[in-house]
Amino acid sequence: MLCIKNGTIYDAVSREPYISDILVENGKIIAIGKDLEIDEDCNVIDATGCNVYPGLVEAHTHLGLDVYGIGFEGNDYNELTDILTPQLRAIDAINPMDEAIHLAALGGVTCVATGPGSSNVLGGTFAAIKTDAKGNNYRIDNMIVKEAIGMKCAFGENPKRCYKDKDNYSRMSTAFKLRDMLRKAKQYKEKLEWAGNDIGKRPKYDGKLEALLPVLNKEIPLKAHAHRADDIFTALRIAKEFDVNITIEHGTEGHLVAEELGKEKIFVAVGPTMTHATKYELRNKSFETPAVLKKAGCHVSIITDSPVIPQHYLGMCAGLAVKAGMDPFDALQAITINPARHIGIEHRVGSLEVGKDADIVITNGSIFESLTNVLYTIIDGREIEK
């Protein structure tokens with residue numbers, strides 16, 4: 001049992017912080033209040049004068065697939081032999097011994113969605129994992145919160161650049177390839193349903209089409225890499241054509257078309273913004289984007305796109321969004337409960353509430369400030385060692 005006493009709690013649910021205690025048992029929050037009854041052998045952390053936050057959550061990273069500081073041999077987040085690889089799964093490439101995972105935890109980031117990059121039109125499934133690698137014996141199977149949270153697809157410059165000498169020179173080609181795969185998967189699904197339990201009538205097994213069935217069944221969304229405004233609308237158009245769910249990843253020009261996106265009430269994971277505009281489609285990059293999209297009615301998360309920005313700077317990215325006009329409470333939600341909802345695990349993480357996982361961060365100042373120190377990171381009730 002663990003009790004965190006007298007901390008100033010920013011729970012990501014209540015707009016105003018409050019001083020209270022948090023009681024943890026068996027990896028879950030079992031009570032929040034004052035003067036809680038505790039056992040004599042309870043481990044107590046005195047958080048007087050400190051801020052207490054939910055563990056930070058990120059909706060879009062490549063953490064563990066691009067191993068910290070290693071070049072090509074540590075790079076497993078893009079499969080460059082085939083532009084259509086929906087059958088690939090992040091969990092088969094995440095390296096729990098990547099030092100960046102431990103640094104993320106020490107920086108207060110306790111849960112991330114991580115998966116394939118954006119070289120391919122279809123890249124494979126993202127997974128949601130905890131960043132307590134050591135406590136889970138460096139075994140990815142023990143770190144998983146949800147094995148498949150979205151099917152990565154990509155629009156814009158990356159698929160064009162990576163496959164321009166093969167078979168994908170324009171945005172029109174990218175859109176067609178995605179449509180074609182979804183259409184084939186829909187036909188595959190219809191044949192499976194028609195065959196029922198009759199094995200002799202079933203279509204020949206196709207791993208790529210099989211992998212797209214959860215998308216067609218609305219079990220997971222398309223996780224669409226799209227920076228430019230027209231790419232965002234192409235992604236939304238295709239999702240509507242096939243009646244599938246979709247989230248927008250990056251949304252760099254979202255602030256330029258916020259009114260239209262607000263009508264859609266879409267989920268947008270904005271970032272990475274703390275970098276140069278390294279390609280043409282990033283020329284309108286702005287830290288104002290999260291605030292503008294939130295005001296328009298979109299569901300907004302802030303991302304580092306780790307390793308583009310080191311994972312442990314997620315709180316600082318939210319702080320820069322506040323500096324650019326975002327409400328501080330909205331910014332806190334954009335790195336806690338909003339990304340948890342974005343990836344479909346809000347029942348477990350993203351806020352400090354009774355019954356949720358005991359993922360808790362204690363700091364000596366605002367989580368948004370670069371000079372703030374993370375004093376304790378607790379994942380599933382276990383303190384992460386420095």
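The model is predicted, so local features need pLDDT of at least 70 and side-chain atom pairs count only at pLDDT 80 or more, while totals for chains, interfaces and linings use all residues. Residues are numbered from 1 along each chain as its sequence is written, and side-chain values use heavy atoms, with hydrogens and water left out.

**Exercise 1.** Find how many disulfides the model has, and state whether Cys153 is buried or exposed.

*Solution.* Begin with the rule, by which a disulfide is a pair of cysteine sulfur atoms within 2.5 Å; the count then comes to 0 disulfides. Cys50 is in no disulfide, since the nearest cysteine sulfur, that of Cys3, is 14 Å away. Cys153 is likewise in no disulfide, and the nearest cysteine sulfur to it, that of Cys162, is 15 Å away. Next, take burial, where buried means under 20% relative accessible area, exposed over 50% and partly exposed in between, with a 1.4 Å probe and protein chains only. Cys153 has 1% relative accessibility and therefore counts as buried.

**Exercise 2.** Explain why strand 10 (residues 222-226) is described as largely enclosed by the rest of the structure, and find which strands pair with it.

*Solution.* Strands are DSSP runs of E with at least two residues, numbered from the N terminus. Two strands pair if DSSP finds at least two bridges between them. Strand 9 (residues 144-154) pairs with strand 10 in the parallel sense over 4 bridges, and strand 11 (residues 246-250) pairs with strand 10 in the parallel sense over 5 bridges.
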